[in-house]
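Dear colleague,

Please find below the structure for your files.

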Amino acid sequence: MSHAQRHSSIGIHGLHEHEGAHQIRRLLLLRRAKWVALAALLALGAGAGAVMFERAAHARELSAATQTNAKIHVYVVSARPGRGQQSLQLPGTLQGYMETPLYARVSGYVQRWHKDIGERVKKGDLLAEIATGETEQQLAEARANRQQAQSNLQLARTSFERWQGLRQRDAVSQQELDERQNTLKLVQANVAATEANVQRLEQLLSYGRIVAPFSGVITKRNIDVGSLVDAGNGGAPKLLFTLSQVDPLRLYVAAPQSAAPRIKVGSDAVVTLSELPGQSFTGKVVRTAGAIDPATRTLQVEINLPNAEGKLLPGSYVQVALQTAAADKPTLTVPNNALLFRPEGTLVATVTDGKVHLQKVTLGRDLGVRIEILNGLKPSDKLIVNPPDSLAEGDAVEASDLPEPKAPEGKGGGSDNKPAGDKPTPARSAS
């Protein structure tokens, strides 16, 4: 082999070695690029997985929060057994046992008055005197007419007796005797009429003395000396006095129809006034109207109240605690702010396993802050206080017991004695 051939062979071999090294470097670079790409893909996959996991966690949290926010947070209370005898609180106005406005029975001028407002009088005491000069003149005239009629009667009787004797001797006819007899009867009737007129005017004249028809207290005086009064009771200016009997007192209260069957004659009634704190007065139910007023759906109840010490004044506004008889069967009571009034009737909202159930109930007596439930409720039921108007059957709720009201600091716990549920507590809805 010549030198040129060897040189050419060596060049070719070097070229092949150079190309092989270049290919090896390319393969290494390609492999490195693949690993880098794989690493990048893995990094991207891990990032995407982390993002998806975070989004899923956020979605779960959002779903849980949505479910939590969808629940309505409410307070619940339990129904309580009704007491056997209930006290029904009603307003009333005290009245005198007898209250009489006194009017003039005869016309005239007030000559003098003897009793003023606030004075206690006895039956028959003189209250005022009325000058009745005109009536006295009429009485004098009536007496004169009576005397004239009596004279005519004496003349007619003498004439009849004379004609009766003449008839016995047949000196006059029977017709003439009958005429004299009729004249006598006519004059007798005139005498009776004049006598009645005299008695009427004497009675009328006695009305010039205004006397008390019963024992009591003068509560009004509407006259003074010289006042002109007319007979009758045609208007307020003609009112002379108002007399009221203040022991005992009476008052009328209107009991609701739901309590009417349990109100019995002889039951106690405790009367209190805001002007006399800490004091109470006990009376008795003496009668009822025996019928429900169709206009108000109430029963009128009359109560008599002793007032020997005179502490109570007629016309005072009072509160009456009327004791009613026990119900025929045990009942439950609920706060009045636990009721729902819907077109289908009166309902209460109960909570069972976090779900709302709307239960129809039958109402009994209204006891103020509580109401009797006759049917549709069990003692174990939990009732929602102040249920929202939008509450529906099956709604999910978060229920908690109604907290006891707290007494203000530095004061006695008077409000703590109130039962839970008596004070309305608004339901709050989580947003």
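Helix H3 (residues 174–206) has 33 residues and should span 48 Å at 1.5 Å a residue, which agrees with the 48 Å between its end C-alpha atoms. The expected span is 1.5 Å times one less than the number of residues; helices (H or I, at least four residues) and strands (E, at least two) are DSSP runs numbered from the N terminus.

This is a predicted model, in which local features need pLDDT of at least 70 and side-chain atom pairs pLDDT 80 or more, while totals for chains, interfaces and linings use all residues. Residues are numbered from 1 along each chain as its sequence is written, and side-chain values use heavy atoms, without hydrogens and water.

An α-helix has 3.6 residues a turn, so residues three or four places apart point the same way.

The lining of the second largest pocket comprises 7 nonpolar, no polar and 2 charged residues. Strand E3 (86–103) and strand E7 (209–211) each supply at least two of the lining residues, and E7 gives the most, with 3.

Finally, an unreviewed UniProt entry places a "transmembrane region" at residues 35–53; such annotations may be inferred rather than shown by experiment. Over residues 35–53 the chain is 100% helix and 0% strand, with end C-alpha atoms 26 Å apart.

How values were computed
Nonpolar A, V, L, I, M, F, W, Y, C, P; charged D, E, K, R; others polar.
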